[in-house]
Amino acid sequence: MGLIRLADRDLVQRVVRGDGAAFNVLVARWEKKLFNFAYRLTGDRDDAFDVCQDSFIRAYESISQLKDPSRFANWLFKIARNNCISLHRSEEKLPKLGSAGDNEDDLNLEEILSASYQVRIDGSHQFEQSELRLIVERALGHLPFEQRETVVLKVYEGLKFSEIAEIAECPISTVKSRLYLGLTQLKKILTNNQRGAP
Amino acid sequence: MNCEKSRELFVDYLGGELPKTEMPGLQEHLELCSACRQELALLARTKSTLQSGWPDESIPQSLTFDFDSPKKQGFWNRFVPLRMPGVVWASLSVTGCVLALLAGLALLQAQIRLEDGNFSLSFGRPATSTALDLSKTGISELSAETVKTLLDQSLKQFELNQTAKFQQALQEAKLEWEAKRRADIVRVGKELKYLESTQNVVWKETLLNNSNLEMLARNYVKGAPRESLQQ
């Protein structure tokens with residue numbers, strides 16, 4: 001089978017003609033990326049898996065509506081992003097879409113940040129990978145959803161500003177603003193400059 | 001270039017989309033302004049920390065969609081009791097045909113006779129005028145030996161047909177069973193893979209918990225002298 005060598009555009013065209021195997025190739029190609037994208041947005045592995053699965057099903061159902069088959073990946077990310085928002089609206093599950101700092105999780109993070117071995121990214125402290133993962137996960141969880149998705153799409157998925165604007169349905173200037181605010185906020189959390197070094 | 005303009009370009013630089021025309025101006029400003037230089041360095045470090053801190057992980061269970069099954073699955077297959085092996089269906093079909101033939105003959109009040117090498121078939125109530133008398137049709141000229149040979153041939157042909165049908169049904173049943181066996185093997189394989197990934201997740205969570213406990217312990221140890229001093 002040469003399907004695996006085909007570009008997204010060709011595979012999408014095959015799927016539109018009813019080729020289910022071509023869709024499974026697309027799934028195998030993008031499932032890991034989509035899962036990690038959803039995981040970083042929801043902060044929950046099970047929710048991310050559900051979002052990933054639902055997104056592929058919705059994509060299959062409406063693939064004939066995709067105007068530019070070569071932009072399948074961005075279209076898929078947009079579906080997943082909307083699924084994450086739906087999940088949040090239905091279950092209030094997305095972490096801290098609004099203001100941060102008013103629940104137990106924040107306190108835990110504050111404790112971590114204020115500890116004597118405090119979080120610093122300026123090289124003054126070396127972290128275990130598992131520690132760093134926990135810190136980054138919680139720091140991302142402190143961002144409002146719009147900033148969080150912008151940071152995830154840029155930093156982890158490496159999309160262009162124009163592509164992020166298309167997914168988030170906003171102007172490019174807004175994307176840049178969200179990214180700057182998000183990174184600045186994360187920098188504050190990770191360097192803990194406000195509290196000062198011990 | 002002033003600090004305000006410089007910081008507007010930080011996002012483009014960090015996003016890898018800074019226009020080449022803007023690069024010299026930004027570089028010049030950064031050489032002169034240590035505050036902007038430090039700010040950009042920390043933002044870049046933040047970005048790399050995010051990337052290294054939360055790397056991509058594999059999906060807990062690989063997704064595959066079975067698009068063909070719903071189409072292949074016909075209306076009758078929705079009824080569980082009707083999902084029987086082919087050989088059972090073949091036997092039932094043969095039995096049904098025989099029963100239908102007997103019922104038809106019974107309805108027509110058929111009478112079959114084989115006397116002294118003569119084969120007679122009549123329908124309805126026995127009546128000499130309507131009965132099919134083989135002696136009047138010329139068949140009576142056939143000897144008993146010929147009739148026996150014809151019957152034997154018919155029986156053999158019937159046996160051959162039945163054997164062929166049975167073999168075919170048996171072959172279909174074997175293929176079906178083999179397909180089911182393969183599907184089971186694939187399913188078990190997938191489940192094992194899922195179990196493996198679940199174990200990985202548990203392992204990672206354990207690592208996280210251990211590190212948290214370690215952090216708390218360190219925190220406690222470092223906090224203890226302060227408490228004693230306060231006391």
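Mentor: Gladly! The area buried between chain B and chain A is about 4,600 Å², and carbon and sulfur atoms give 65% of that. Buried area is the accessible area (1.4 Å probe) that two parts lose on being put together, summed over both. This is a predicted model, where local features need pLDDT of at least 70, side-chain atom pairs count only at pLDDT 80 or more, and totals for chains, interfaces and linings use all residues. Residues are numbered from 1 along each chain as written, chains are lettered from A and ligands numbered from 1 in the order written, and side-chain values use heavy atoms, leaving out hydrogens and water.

Trainee: What makes A:Arg133 and B:Glu57 a salt bridge?

Mentor: The definition asks for a side-chain nitrogen of Lys or Arg within 4 Å of a carboxyl oxygen of Asp or Glu. Here the N to O value is 3.3 Å, so the pair qualifies. The count between chain B and chain A is 7 salt bridges.

Trainee: Why is helix 7 of chain A called roughly perpendicular to helix 9 of chain A?

Mentor: The axes of helix 7 (residues 145–156) and helix 9 (residues 172–191) of chain A come within 8 Å and cross at roughly 95°. Axes are lines fitted to C-alpha atoms, for helices over the stretch in contact, with angles running from 0 to 180 degrees between N-to-C directions. Angles under 35 degrees count as roughly parallel, over 145 as roughly antiparallel, 65 to 115 as roughly perpendicular and the rest as oblique. Therefore helix 7 of chain A is roughly perpendicular to helix 9 of chain A.

Key:
Helix = DSSP H or I, 4+ residues; strand = E, 2+ residues; numbered from the N terminus.
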